[in-house]
Amino acid sequence: MSFERNIIITGGAGFIGSHVVRLFVEKYPQYHIINLDKLTYAGNLANLKDIEDRPNYTFIKADICDFETVKRVISENGVDGIIHLAAESHVDRSITDPFVFAKTNVLGTLTLLQAAREYWEPQGWEGKRFYHISTDEVYGALELTRPEGDPDGNECGGGPYGEDFFTEENKYQPHSPYSAAKASSDHFVRAYYDTYGMPTIVTNCSNNYGPYQFPEKLIPLFINNIRNRKPLPVYGRGENVRDWLYVEDHARAIDLIFHEGKVAQTYNIGGFNEWKNIDLIKVLIRTTDKLLGRPEGSDDDLITFVTDRKGHDLRYAIDSTKLKTELGWEPSLQFEEGIEKTVRWYLDNQDWLDNVTSGDYQNYYSKMYDSR
Ligand code: NAD
Ligand code: DAU
């Protein structure tokens, strides 16, 4: 079967990657979408069950650090586009085990770049694209200059919790081993444009939430704990601020930027939607209790303040004006709607949650692909 384009999406079995793969497979039947994923603890092919039999979809279990395999997949499939999401993504894990973050996020990205270069450069760069998905955490942390939260913050300059935002011009100042590794990978991607002329794009996005997120991250972890009436470990006093974006809005932005973004550019992606952790957690409790038919306030006492994360970044807030002005992207969902949709999804998909928390998903899919 011949396709208009052959595109590798790395990390497609993870949280954001699975939404991107689904969007591309469904929207572009004329494209061949190759999901290249190692299936680490964070990769779960159950996230893509609904599209796994589509004729324009192929899954390949592979490590992005394995140069020969990556190069073979690129050349055998005539790949002309790479959307790179595979990474170690959890900050807490990076604090206890930084080395795998350097390996996957830095060396893995470099391996992909070099494998693509060796295949693309002799053909010329025309029609090729390497799109690297990065994070707002590379910019470091912002001040909390409006600690009580100003509801008119967005109108009077800055956001509700501070005057400034991260823009594309911000200097890189990563603090955690995770963000340091992501920052390093961003630099390598830009270096491949500057040095070899590879058509690259980098985007830096804020915190995503929605279905299929691994329940080690705040939102799915807390929904699952509320469901099971387990303590909710709030780091520090819950004063840290994050800017939340519904994952399908991120996937839409990726689609738009992959097709219409300008080469060698950086685009910030965010929802102008800052929340202090403790306030967000109260919304989660209220929404989960409501959907479970529990009386309001019955799970408030699950909130448990615990030792803060080391080097915990105080505030993230993204200015995505460039993306809006140049390409017309805006988030489609209001936060209240997105959160209710998300809580409902986890409650309706308790088998998915239970499989992930028990680790059963790894036994099933990893063994299936290992034996091929
Ligand atoms: P995730 O942890 O849910 O998924 C990561 C995926 O990468 C998994 O499927 C895993 O199996 C795969 N992977 C890991 N190491 C690999 C390797 N060596 N070779 C091949 N595959 C490998 O991550 P996520 O939250 O979906 O994040 C995806 C990307 O988006 C990451 O690059 C992350 O830095 C970035 N990002 C995430 C967020 C967020 O809020 N989650 C926000 C901004 C940017
Ligand atoms: O900003 C984008 C980043 O968002 C992505 O690059 C990362 O891959 C993604 O994991 C996310 O990083 P955070 O560290 O912000 O997300 P996390 O869900 O781990 O934590 C969100 C906030 O909640 C943060 O301030 C820490 C706090 N937290 C988290 C957990 C897991 C708690 O208070 N308790 C917890 O148990």
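Biologist: How many helices and strands does the secondary structure of the protein come to?

Modeller: The protein has twelve helices and twelve strands, where helices (H or I, at least four residues) and strands (E, at least two) are DSSP runs numbered from the N terminus. This is a predicted model, in which local features need pLDDT of at least 70 and side-chain atom pairs count only at pLDDT 80 or more, while totals for chains, interfaces and linings use all residues. Residues are numbered from 1 along each chain as its sequence is written, chains are lettered from A and ligands numbered from 1 in the order in which they are written, and side-chain values use heavy atoms, with hydrogens and water left out.

Biologist: Switching to ligand 1, which residues come nearest?

Modeller: Of the 28 residues around ligand 1, those that come nearest are Ile16, Asp37, Ser89, Tyr178 and Lys182, a residue being near if one of its heavy atoms lies within 4 Å.

Biologist: Which side chain has an N or O atom 2.7 Å from an oxygen atom of ligand 1?

Modeller: That is the side chain of Ser89, and a backbone N or O atom of Ile16 lies 2.8 Å from an oxygen atom of ligand 1. As for cover, the protein takes up 97% of the 840 Å² of accessible area that ligand 1 has on its own, with areas from the Shrake-Rupley method and a 1.4 Å probe.

Biologist: Which element gives the most to that shell around ligand 1?

Modeller: S5 does, with three residues; helix H1 (15-27), helix H5 (177-196) and strand S7 (207-209) are also among the elements that each supply at least two.

Biologist: Now ligand 2: which residues come nearest there?

Modeller: Thr135, Asp136, Tyr178, Arg309 and His312 come nearest, out of 24 residues around ligand 2.

Biologist: What lies 2.7 Å from a nitrogen atom of ligand 2?

Modeller: A polar backbone atom of Pro233 does, whereas an oxygen atom of ligand 2 is 2.7 Å from an N or O atom in the side chain of His312, and an oxygen atom of the ligand is 2.8 Å from an N or O atom in the side chain of Glu137. Of the 690 Å² of accessible area that ligand 2 has on its own, the protein covers 94%.

Conventions. Polar contact = N/O pair within 3.5 Å; in protein donor to acceptor, adjacent residues only side chain to side chain.
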